[in-house]
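Morning, everyone. I have one model to show you today.

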Amino acid sequence: MARQLDEQIVGRFPVGQRLRVLDVGMGQGTQALRLARAGHQVTGLEQNATMVAAARESLAGEPEGIRERMRVIEGDGRDTGVHFLPGSFDVVLCHGVLMYVEEPDPLLAGLARMLAPGGLLSLLVRNGDALAFRPGLSGDWPGALAAFDTVSYRNRLGLDVRADRLKDLTSTLAGIGAPLHAWYGVRVFTDTAADGAQVPADVETLVAVEEKAGRTDPYRGVAALLHLCGVRG
């Protein structure tokens, strides 16, 4: 997914431009730190104190120049208006967050307001149109049958969360002034891999296959996750 994001950034902004990036729900800061290393000015927003501590620890081990380009704020992604002025960022990331938000539309509207004109909104969501695949491929037939008529599911952490359908998010993004520009599938073939599974020797080919499938119909439509990129008008 990092390559997909980089592709959108390169295609939208002048080469070498130092972008203002907001990563909402940054977790341990992996993506935010990667972008700071690439030269961008990054703000990470995370409400989980353990994750915030981990991100700050990782940042502390970086060279001074990178530390100066990244800041970490403990806070809720639904309160971006409290922390920042509208139009403050060129890129806003919200990856792996919407599944934990019961009513995502206000959050998304707030994120769109943070974007400068022409800014990029990057979302990573659970694919509500393909929830039957994981239980079906594992032989859980009752679970697969039940998954066809819902956007709710239980994740690998045992939490009851929700998925999003491409059609619904397309409509939402248009309504908040950041219409869908591009979308990809993520984890088309590897979603059923066990946690902690050994990395295959030919991992580069595996990555190439996943990236190809994530850009190609009909494969991307049944991916476990969807990566959506909206652009602020």
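**Strand S5 and its surroundings**

Start with a pair: Cys 94 has Leu 123, in S5, as its bridge partner. This is a predicted model, so local features need pLDDT of at least 70, side-chain atom pairs count only at pLDDT 80 or more, and totals for chains, interfaces and linings use all residues. Residues are numbered from 1 along each chain as its sequence is written, and side-chain values use heavy atoms, with hydrogens and water left out.

S5 covers residues 115-126. Strands here are DSSP E runs of at least two residues, helices H or I runs of at least four, numbered from the N terminus. Strands pair if DSSP finds at least two bridges between them.

On one side, S4 (residues 89-95) runs parallel to S5, with 6 bridges. The chain gets from S4 to S5 through helix H6, residues 104-113, in a right-handed β-α-β crossover. Right-handed means clockwise from the first strand over the helix to the second, with the strands pointing away from the viewer.

S9 (residues 225-231) is antiparallel to S5, over 7 bridges. There, Val 125 has Leu 226 as its partner.

How many of the 12 residues in S5 are buried? The count is 10. Buried is under 20% relative accessible area, with a 1.4 Å probe and protein chains only.

Now the largest nonpolar core: 28 residues, with Leu 111 and Leu 123 among those with the most contacts inside it. Such a core is a set of buried Ala, Val, Leu, Ile, Met, Phe, Trp, Tyr and Cys residues joined through side-chain atoms within 4.5 Å. H6 gives the most, 5 residues.

Conventions. Buried < 20%, exposed > 50% of the residue type's maximum accessible area, 1.4 Å probe, protein only.
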